[in-house]
Amino acid sequence: MKINKNFLIVIPARFKSSRFPGKPLIKILGVPMLKRTYLQCLKVANKKNIIVATENKKIANFCSEENINFLMTSKKCLTGTDRVAEVAKKIKADFYINVQGDEPICNPSDLKKLIKYASKYPKEIINGYTEIKDKKLFYSGHIPKVVFRKDGRLLYQSRAAIPTTKEKKFIKAWRQVCIYSMPRLSLKIFSSIKKKTILESMEDCELMRFLELGLDVKMIKMSDKSIAVDNPRDVLKVESILKKNYKN
């Protein structure tokens, strides 16, 4: 399949995170998390196809020092996807890939798979999933779980333990991999809402806004290698994985 080169990887990096303030610049084994995320993206895309979207001057200064493309976005952005939508208003591309700035070990193979799929279906909203094998992850309120139709269309997303039985047992489940592709029109519709939709706000899951606005989200299978850094404990998990990789 021919890769569409007219795409843009946008890394939303918000300094004032409600769950973990300042986390884009938190150091993981001495390297700022944002830089680690950027370097993972650089393994599959050219520098010109990658941009950081931020509301913060500290992050902007860091990007300047590291020679990373960046764009200042509004402090009023409700989510990372709203930040991507702001970028889309200023820079035209066939599709935009949101790689959350808190994905320091996102799998380049997953990103490459997403770019290939989006090149074939540039007008679709596409997100990744992977199976949950650890019971603790299933019951964790930090992990967004997804349920989807047989054809891969997203049915629902929640940080609660879903799907489950009436006894709330863990049988089989999937979690979101936080990289997704979106066309310009879908981003325009998404950002036209000036406050979070009801289910998006309740679940703290921005993809729910697409569903609530009547837009489909296609889920594709990815690896279980990525870990989103949602709190300081996640930093230790990522460092542990990196140390193991260094030894190997």
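Which residue caps the N-terminal end of helix 4? The close-ups below take that up, then move to the cores and a strand residue.

This is a predicted model, where local features need pLDDT of at least 70 and side-chain atom pairs count only at pLDDT 80 or more, while totals for chains, interfaces and linings use all residues. Residues are numbered from 1 along each chain as its sequence is written, and side-chain values use heavy atoms, leaving out hydrogens and water.

**View 1. Asn-107 caps helix 4 at its N-terminal end.** A side-chain oxygen of Asn-107 sits 3.0 Å from the backbone nitrogen of Ser-109. Helices (H or I, at least four residues) and strands (E, at least two) are DSSP runs, numbered from the N terminus. Buried residues (under 20% relative accessible area, 1.4 Å probe, protein chains only) of helix 4 include Leu-111, Leu-114 and Ile-115. Strand 1 (7-13) and helix 1 (33-42) are among the elements covering them.

**View 2. The largest nonpolar core has 28 residues.** Such a core is a set of buried Ala, Val, Leu, Ile, Met, Phe, Trp, Tyr and Cys residues joined through side-chain atoms within 4.5 Å. Val-52 and Leu-111 are among those with the most contacts inside it. Val-52 has contacts (heavy atoms within 4.5 Å) that include Ile-11, Leu-34 and Phe-70. Another core, of 26 residues, lies apart from it, with Val-10 and Phe-210 among its members.

**View 3. Lys-27 belongs to strand 2 (residues 27-28).** Lys-27 is exposed, at 55% relative accessible area, where exposed means over 50%. Beyond four places in sequence, Lys-27 touches Pro-32, Val-235 and Glu-239. Val-235 is 208 residues away in sequence, yet the C-alpha atoms of Lys-27 and Val-235 are 8.7 Å apart.

Conventions: A polar contact is a pair of N or O atoms within 3.5 Å; within protein, one must be able to donate a hydrogen and the other to accept it, and residues adjacent in sequence count only if both atoms are side-chain atoms.
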